Structures are given as structure tokens and as C-alpha cells.
Amino acid sequence: MFPYLYVCVLKKTEGDILYYVIQVAPGMEDRTEAFIRNKVPVELYHHCFHPLRHVRKKFHGEWKDIHEKLLPGYVFIVSDSVEVLYNELKQVPLLTKMLGKDGREFVALRESEVEWLERLLGAPEAEDCGGKGTDEPNGSRIDCRDGDSQFMEVGLSQVSVQDKIAILSGPLKNMEGKIRKINLHKRVAEVEVDFMAKKTIVYLGLEIVGNNDTE
């Protein structure tokens, strides 16, 4: 299966920062990132990653921290060098088939689709990149290319369970309108988002705080 390349405009300013969304076979995310890091000049992009999510699962009566893919089958690459990067990606054998809406043009995701991903992931800090980061001119991007995906993770949201469920902090804060279901037993929230021009369900991890912990 060949990947497909889409483009998402993050900010419509001079030197636009763009999200390229590469669709790959599930399980090929790491290999695709490795191809890009090895074949594409590092000065042409800021990040290459597939977003992760932090969840907790119970094994043999004990809760374990697990790090899973948030959107299996998708790899993101962020750049403000659109044309040059596109031409470079076309030279990578793994990425030779790149389609837009008519086979010639880029497909741009809506800005709202970028906003929820940005909100969930947050902006990585320089220290989160092991000292590898440098501030970008717009102050919102950090360069940490080696193993970017480990820095692009949706963390746990803290919730309390009293008379009702209350989200105290974390990625789910102020996203109540998008939450379809909260499963306290499995410690996950089912969230509906707009991605690739369709409704998509993602599952985000919960941490229950307070006295009324639910097993």
C-alpha cells in the first residue's frame, strides 16, 4: 500500500507552516518516519511524527501506563518550505504516489481540524526535546526531529467522580461538547473530531482523582 499525501494549512501568513498528512498502512508509521528522516534534508521540516496517546490499562489487577497511536495509519510532517519539501518527498520510493483531490492539487484540511490536534498535543517545550529544541520565529514551534513522536503525545486528563463526572485538567478540559462517552471502567473518553473531512472517533486516557475512585 502506497501512502497518500495531504496538506493542512496551519497559519495563512508569509512563510506558512503546513501540516502534511501522509496516509500509510497501519504499523508503517515508524518506517515512514525513518525514511523521511534519512532521505529528506532536515532543514526542510520542523517535525515528522505520528501522534500518540497516554492511556492506562489494567493487567492482572494493576494499572499500567501505555502509549498508543492516536491516529493509526497517519504520519504528519510540518514544514514552511512547501514546494521544496514536496519535491523532495516525491523522490522517496515509499512516498511516490501522492494524490490530491484531483491527483494534481494539494488537499487542505480545514483550520478547525488543525486546532483540535494542536490543542490536544500542545506545543513541545525545548526541555521536552532533551535540549535539542530551538524556538521558531513565530514562537510556537520547537525543532526536535529525532524520534519526534515521543514528544507528540496526548496526555491523561484528570477527572473527579462525585455526584457527576467533572474534568479537572488535561486535553479534555473545555472539550465537553466533543465528548460522546466516558468509560470509567476502562479509563478512556470517546471523543468525536473532524479529521480528513469526516467524523472520526479518538479515545483519550483518563486519570480519576479524589476519594471515589471507580475500579
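**A guided tour**

Guide: One aromatic cluster is formed by F49, Y74, F76, W116 and F195. Rings of Phe, Tyr and Trp (its six-membered ring) pair if their centres lie within 6.5 Å; planes under 30 degrees apart count as stacked, over 60 as edge-to-face and the rest as tilted. Keep in mind that this is a predicted model: local features need pLDDT of at least 70, side-chain atom pairs count only at pLDDT 80 or more, and totals for chains, interfaces and linings use all residues. Residues are numbered from 1 along each chain as its sequence is written, and side-chain values use heavy atoms, with hydrogens and water left out.

Visitor: What share of the chain is made up of buried residues?
Guide: Buried means under 20% relative accessible area, exposed means over 50%, and partly exposed is in between (1.4 Å probe, protein chains only). The chain has 215 residues, and the buried share of them is 45%.

Visitor: How many helices and strands does the chain have?
Guide: Helices (H or I, at least four residues) and strands (E, at least two) are DSSP runs, numbered from the N terminus. For this chain the secondary structure comes to three helices and 13 strands.

Visitor: How are the planes of Y74 and F195 arranged, stacked or edge-to-face?
Guide: A pair of aromatic rings is described by the distance of the centres and the angle of the planes. For Y74 and F195 the centres are 5.0 Å apart and the planes sit at 85°, so the pair is edge-to-face.

Visitor: How far apart in sequence are the parts that Y74 and F195 tie together?
Guide: Both residues are buried. Y74 belongs to strand β6 and F195 to strand β12, so their pair links parts whose separation in sequence is 121 residues.

Visitor: What kind of aromatic pair do F76 and F195 form?
Guide: F76 is buried at a relative accessible area of 1%, and F195 is buried at 4%. Their pair has 6.2 Å centre to centre and 40° between the planes, which makes it tilted.

Visitor: What is the order of the strands in the open sheet with mixed pairing?
Guide: Two strands pair if DSSP finds at least two bridges between them. β5 (62-69) and β8 (153-154) stand at the edges with a single partner strand each, so one side of each has no neighbour in the sheet. The order is β5-β4-β8.

Visitor: In which sense do β4 and β8 pair, parallel or antiparallel?
Guide: β4 covers residues 52-59 and joins β8 over two bridges. L52 has E153 as its bridge partner in β8, while R53 stands opposite V154. The sense is parallel.

Visitor: And how many bridges join β4 to β5?
Guide: These strands form a hairpin with two residues between them, and H60 in the turn has a positive phi of about 55°. L52 stands opposite K69 in β5. The strands run antiparallel, and the number of bridges is eight.

Visitor: Which side chain makes a polar contact with the side chain of H54?
Guide: H54 sits in strand β4 and is buried, with a relative accessible area of 15%. A polar contact is a pair of N or O atoms within 3.5 Å; within protein, one must be able to donate a hydrogen and the other to accept it, and residues adjacent in sequence count only if both atoms are side-chain atoms. At 2.8 Å, the partner is D65.

Visitor: Which exposed residues does α1 carry on the face turned away from its buried side?
Guide: In helix α1 (residues 29-39), the buried residues are E29, T32, E33 and I36. The arc, taken from the directions from the helix axis to the C-beta atoms, is only 100°, which puts them on the same side of α1. The face turned away carries N38 and K39.
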